Amino acid sequence: MPMHHRPSARRITRLAAGTALLGLAAALTACSGGAGSTGATASSDLAIGSVDLSGVCPATVVIQTDWNPEAEQGNLYQLIGPDPVIDSDKKAVSGPLMAGGEYTGVDVEVRSGGPAIGFQTVTSQQYTDPSITLGYANTDEAVQLSADMPTTAVFAPFEVGPQIIMWDPATYPDVKTIADLGRTDAVVRYFGGAAYMEYLMGSGILPASHVDGSYDGTPANFVAAGGKDAQQGFATVEPYVYENELSSWGKPVAYQLIHDAGYPIYASALSVRTGDLESLSPCLTKLVPIVQQATVDYYADPTATNDLILEAVDQFDNGWVYTPGVAAYSAKTQVDLGLVGNGSNETVGDFDMDRIQKIIDITTPLFEEQGTPPAAGLTPDSIATNEFIDTSIGF
């Protein structure tokens, strides 16, 4: 089955993390004086500041994410101004879109993905719902869907993707990399169909005989193996959860980022439908720098925005459990590991076209074999642009 017809590894892992935490954490209490469950924002009462998006952007800029609220989306929730509205039916949070504490003349709505959109890709949701202005797309997914549902990425929230392979350091004390792991007898469990695993096997980093695509998103098999097996995960979640909130494990895990094993996608890149790029350009010229600055501001002090994220999780009440500990760990880890940052220059959110070309080169034969060939003649500037990036904004 083609990858875009089934839940992604990211979505399944996030669901597993929530499932693992059920019963382990107390219910989150709603923050006082914050958001309500219904109603319109109070934007009309605010004076427009130095950046005016009205007239060039939609009255509500809709951003579709790929999962429930979490700290990895903190820069988006950072955009939301006073009196945010949490809609538990739509699984969305909205409010006045702010830039540097000033109202921009439009609203913003951050929509949850995963279970909220039936576990389909964000891209397919964008093509189903034209009200979505921007949505998340990984580089490899953009390549795969480029023929039928083309998207153009305009901002990269992650310099390095958080996807990992993790293992027990007590069982494998000499293993430092995924390649080291491939020289052991460890079975590496992952969600079947993931393109990065096809790369790891095809490049010889992991023997095909040692990988198992039956990962179901829960920690049960990893725990039951007592450290003998390895597993996919995310650097922003599993290391903290397994050590601190999963009582059946309760000790550290070691890991390597998939990025560092030679698969450098841009994860969760904010993207528009390619056909809308020209008409949205006046908006994006002003909006993308606001997102850049919101990214810098969020990681400088994520506390208040994390409170909003936690409140949204609480009010959505869909079985996803996300604790203050995970949120704080995630925000700090993203900075500490360089998952967010400026990369090789002084700018946040821009794209290295050589990296994108590498992903096109790696994944095109994989997707052709799966029956989902990319658009003919695909080039990096077909699926990403730095046109709207303000090079002066960075960490």
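These legends walk through several close-up views of one predicted protein model.

Residues are numbered from 1 along each chain as its sequence is written, and side-chain values use heavy atoms, with hydrogens and water left out. Because this is a predicted model, local features need pLDDT of at least 70 and side-chain atom pairs count only at pLDDT 80 or more, while totals for chains, interfaces and linings use all residues.

**View 1**
Let's start with the overall picture. The mean pLDDT of the protein chain is 90, and 89% of its residues reach 70 or more; pLDDT is the predictor's confidence in each residue, from 0 to 100. Over residues 1–42, pLDDT stays under 50, and the model has 112 contacts there beyond four places in sequence. A contact means heavy atoms within 4.5 Å. The protein chain has 13 helices and twelve strands. Helices (H or I, at least four residues) and strands (E, at least two) are DSSP runs, numbered from the N terminus. Of the 395 residues in the protein chain, 59% are buried. Here, buried means under 20% relative accessible area, exposed means over 50%, and partly exposed is in between (1.4 Å probe, protein chains only). Take the contacts between residues at least 6 apart in sequence: 80% of them join residues at least 24 apart.

**View 1. A disulfide between Cys57 and Cys283.**
How many disulfides are there? The count is one, where a disulfide is a pair of cysteine sulfur atoms within 2.5 Å. The link joins Cys57 to Cys283, with an S to S distance of 2.0 Å, and is right-handed, with 95° about the S-S bond. Cys57 lies in the loop between α1 (9–21) and β1 (60–64) and Cys283 in helix α9 (residues 277–300), so the pair ties together parts that are 226 residues apart in sequence. Are these two cysteines buried or exposed? Cys57 is buried, with a relative accessible area of 10%, and Cys283 is buried too, at 0%.

**View 2. Strand β1 and its partners β4 and β5.**
Four of the five residues in β1 are buried. Strands of a sheet pair through backbone hydrogen bonds, either parallel or antiparallel. Two strands count as paired if DSSP finds at least two bridges between them. With β4 (residues 102–111), β1 pairs in the parallel sense over five bridges, and Val62 stands opposite Glu109 in β4. With β5 (residues 134–137), the pairing of β1 is also parallel, over two bridges; here Gln64 stands opposite Gly135.

**View 3. An open sheet of five strands.**
Which order do the strands follow? The order is β9-β8-β10-β7-β11, and the pairing is mixed. The edge strands are β9 (211–212) and β11, each of which pairs on one side only. Inside this view, β7 and β10 (residues 230–234) pair in the antiparallel sense over four bridges. Look for Ile164, which stands opposite Gly233 in β10.

Rings of Phe, Tyr and Trp (its six-membered ring) pair if their centres lie within 6.5 Å; planes under 30 degrees apart count as stacked, over 60 as edge-to-face and the rest as tilted. The rings of Tyr240 and Tyr329 have centres 5.3 Å apart and planes at 35°, so this pair is tilted. Tyr240 lies in helix α8 (residues 238–244) and Tyr329 in helix α11 (residues 324–336), so they tie together parts that are 89 residues apart in sequence. Tyr329 is partly exposed, at 22% relative accessible area. The rings of Tyr266 and Phe351 have centres 5.0 Å apart and planes at 75°, so that pair is edge-to-face. Both Tyr266 and Phe351 are buried. The charged end of Arg355 sits over the ring of Tyr266, 3.9 Å from its centre. A charge sits over a ring if NZ of Lys or CZ of Arg is within 6 Å of the ring centre and within 35 degrees of the ring normal. Elsewhere, Trp67, Phe119, Trp320 and Tyr322 form one aromatic cluster.

**View 4. Gly161 and the residues it touches.**
Gly161 is in the loop between β6 (151–155) and β7 (163–167), and is buried at 9% relative accessibility. Not counting residues up to four places away in sequence, Gly161 touches Leu257, His259, Ile265, Ala267 and Leu339. Gly161 and Gln334 are 173 residues apart in sequence and 9.6 Å apart in space, C-alpha to C-alpha.
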